[in-house]
Amino acid sequence: MTQQSLYRLSDCTVIEPLVNSWPAWSFLVAPVPASLHLLQYQIPLLRSYIENPGVHVAACHDPAFAGGAFVDIPEHDVARVAALLEHTETALRHNLEFARDILSFQVMLNNLANGVGLDRYYPALPSSLQGYVELVYDYCHHPSLRFIENLLYESPYYDPTQQSLRISALDRDASRPFFLNTPRLAEDGAIDWRIPFAAPQTERLFGLDRHPAPLGAICELLGVPDSARQRLLPVLAADPPSTAPAWREHSVRARYFGHACVLFEHEGVSVLTDPCVGVTPAGGGLPRFSYQDLPHRIDYAVITHNHQDHNSLETLLRLRERIGCLVVPRSYGLLYGDISLRTLARKLGFRNVVELDTLDSIPCGSGEIVAIPFLGEHSDLAHGKSGYVLRMGGRQIFIGADSDCLDRRIYENVRKSLGRVDTVFIGTESVGAPLSWINGPLLPAKPTREQEETRRQHGCDARRAMDIVEALGASRLYNYAMGLEPWMEHILGLGMTESSPQWRESEKLLAEARQRGLLMAERLFGKAELILEPMDAAERSFTPSRASVAKTVDAGIGAGQEFVFDMS
C-alpha cells in the first residue's frame with residue numbers, strides 16, 4: 001500500500017461521541033437534563049469510585065449488577081478519574097450551579113405555591129434561571145418550571161467544546177463498558193478528536209464509510225501528525241467501500257439490524273426505524289447487518305422515543321449525511337426531561353427534521369409514515385413518544401418498539417382511523433427499569449420503593465402484545481430480541497439471557513400467535529431479512545381468533561434484582 005492509497009473506515013471501527021469524556025446520549029446534550037445528570041449522577045458516581053474503586057470493579061464483572069452505577073475502570077487509574085472529577089467541577093461549574101438552582105427552586109415552589117398566581121415568584125428566581133423559564137401550573141394546581149429550551153442552547157449551559165469523537169477498533173462486543181456508568185479515559189489505540197458534533201468537518205469523517213480518502217488527508221482532518229500515522233491504520237481499510245443496492249421491487253424488504261432497528265425498503269424508498277447499528281468486531285462475533293449493509297441514501301430515519309437504545313447518537317451521527325429526513329415524536333415540553341428531539345437533532349447537525357403528533361403523517365414514496373399513540377415505557381412521565389404505521393407496498397406495518405397496551409381501545413381507534421394494520425413489530429420488555437433509571441437525576445427527591453417498583457419503564461408482556469395484534473387485526477407478528485444481541489449490552493446493561501422474564505414472555509407471545517393461526521409469528525434476533533409480498537385475497541380477509549394468553553406477572557422480579565444504581 002502506498003501513501004496514495006485511499007482508505008475507508010474499517011468494518012470494526014467505532015466512532016463514539018463523548019461529552020466531557022462520557023459516552024453521549026440525549027440527556028448529556030440537552031442543557032437541563034445534562035446539568036442535572038452531572039450533579040446528581042456523574043459526580044456522585046465518580047466520588048464513589050474514588051473512595052472505593054475495588055468495589056466498583058468487582059461489581060462491574062458480576063452479572064448480578066449489570067447496568068448498575070459502578071465505574072468499570074481499573075483501580076490503578078484512580079488518579080486519572082480524580083483528575084476528570086476535578087476538571088469537571090471546574091469546567092462545568094456553571095452547569096452545577098444551574099442544576100442546584102433548578103432543584104432548590106422547584107422544591108421551594110412545591111412548598112409555597114398552592115394555586116395562587118405565580119407572578120409573585122419570578123423575582124425569587126435564581127439568576128441562573130432568569131430569562132430561561134416560565135412558571136406554570138397543571139390543572140390540579142401543581143407548580144413546575146417550563147424551560148424555554150431553544151434559548152438554553154444559546155446559553156452558557158450548552159458548551160459544544162466539551163464534545164468529542166473517539167475513534168477506535170472494536171475487538172469484541174463485550175469489550176465496550178456500559179455507556180451510562182463509565183467515562184472514557186485516554187487509551188492506547190484510540191484517537192480522540194475534540195470537535196463539536198455539528199461541526200461540518202465531522203461529515204468528512206463519517207463520509208469515509210462511502211467516500212475513501214488518502215491517509216494524509218485523514219491525518220490532517222483529525223490532527224494526527226505524520227509521525228503517528230500508524231495509529232490510524234487499525235481503524236481504516238484500503239479495500240473499496242460497499243453499500244447495499246437500493247431495493248426497487250414491488251414487495252417490501254425488511255432487514256433486521258438488531259433490537260428495534262429495521263430497514264424497510266420498497267421501490268427504491270428506504271425507512272430505518274430506531275437506528276442503532278452494531279459494528280462487526282475484528283475478533284468476529286454474532287453475524288449482523290452493519291453500516292456497509294445500508295443503502296447509499298436512507299430516505300427516512302424514524303425515532304419512536306428518547307431512550308438510548310432507540311435514539312442512539314452514535315448511530316445517528318455516523319449516518320447523518322445519508323439520512324434524508326429524520327422523523328421524531330412531538331415533545332410536550334412541560335417536563336424538563338421531555339426534551340425536544342427536533343431541537344436536539346438540529347444541534348447535532350441534522351438539517352431536515354420533522355416532528356409528528358398523533359395521526360400526523362409524512363409522504364414516503366407511494367405510501368406514508370403515520371404517527372400513532374405510544375403508551376407506557378416512560379414511568380408515567382409525560383415524555384414525548386410515538387408509534388408509527390408505515391404504509392408501504394400496499395401494507396400497513398405497525399412500528400411499536402416498547403409500546404405497552406394499557407388501553408386496548410386506543411388501538412381499536414387507530415384501526416378505525418387507518419384501517420386494518422396487517423403487520424406488527426413489537427418488543428416484550430415486560431420488566432423494565434425502575435423509575436429512577438436514567439430519570440433519577442431529574443427528580444428533586446428520591447422515589448419510594450413502591451414508586452420505583454410500580455412505575456417501571458416497561459413495554460408489553462405476552463397478553464398485552466396479543467391485545468395489540470388482535471385490536472389491529474394483524475396477520476403477521478415480529479417480536480424483536482429486546483437487547484439480547486451482544487452489541488446492545490454496553491447500551492442497555494441488561495445481562496439478558498434466555499431465562500430472563502422478557503424472553504419467557506416472548507415465548508408465550510409467539511406460541512399463542514401460532515396457535516391463533518397467524519400467518520407469521522417470529523422472533524427476530526441478530527440478523528434477518530424478510531420479504532413482505534403484496535397481500536393476496538386470503539391475507540386481506542384474515543381474521544385472527546381471540547387471544548387466550550393468561551395475564552402473567554413476574555412478581556419476584558424487583559428493581560434490586562434487575563438494576564442496581566443507588567449511590568446513597
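What follows is a chat about helix contacts and cavities in a predicted model.

Colleague: What should I know about the model before I look?
Modeller: It is predicted, so local features need pLDDT of at least 70 and side-chain atom pairs count only at pLDDT 80 or more, while totals for chains, interfaces and linings use all residues. Residues are numbered from 1 along each chain as its sequence is written, and side-chain values use heavy atoms, with hydrogens and water left out.

Colleague: How many cavities of 30 Å³ or more are there?
Modeller: The structure holds eight of them. A cavity is a set of points on a 1 Å grid over the protein atoms alone where a 1.4 Å probe fits but cannot get out, and lining residues have an atom within 4 Å of a point.

Colleague: How much space lies in the largest cavity?
Modeller: About 280 Å³; a volume is the space filled by probe spheres set on the points. The lining has 24 residues, and closest to the centre are Arg176, Ser312, Glu314, His490 and Ile491.

Colleague: Which helix gives the most to that lining?
Modeller: Helix 8, with three residues. Strand 2 (13-19), helix 8 (313-319) and helix 13 (489-492) each supply at least two. Helices (H or I, at least four residues) and strands (E, at least two) are DSSP runs, numbered from the N terminus.

Colleague: And by class?
Modeller: That lining has 14 nonpolar, six polar and four charged residues. Ala, Val, Leu, Ile, Met, Phe, Trp, Tyr, Cys and Pro count as nonpolar, Asp, Glu, Lys and Arg as charged, and the others, Gly among them, as polar.

Colleague: What about the second largest cavity?
Modeller: About 220 Å³ of space lies in the second largest cavity. Of its 15 lining residues, Val19, Leu28, Ala34, Leu92 and Asn95 are the closest to the centre. Helix 1 (residues 31-51) gives the most to this lining, with three residues.

Colleague: Changing topic, how do helix 1 and helix 4 cross?
Modeller: The axes of helix 1 and helix 4 (residues 93-112) come within 8 Å and cross at roughly 95°. Axes are lines fitted to C-alpha atoms, for helices over the stretch in contact, and angles run from 0 to 180 degrees between N-to-C directions. Helix 1 is therefore roughly perpendicular to helix 4 (65 to 115 degrees).

Colleague: Which classes of residue make up that contact?
Modeller: There are 11 nonpolar, three polar and one charged residues, with contact meaning heavy atoms within 4.5 Å.

Terms used:
On a 1 Å grid over the protein atoms alone, a cavity is a set of points where a 1.4 Å probe fits but cannot get out, and a pocket is an open set with protein on both sides within 12 Å along at least five of seven lines; lining residues have an atom within 4 Å of a point. Angles under 35 degrees count as roughly parallel, over 145 as roughly antiparallel, 65 to 115 as roughly perpendicular and the rest as oblique.
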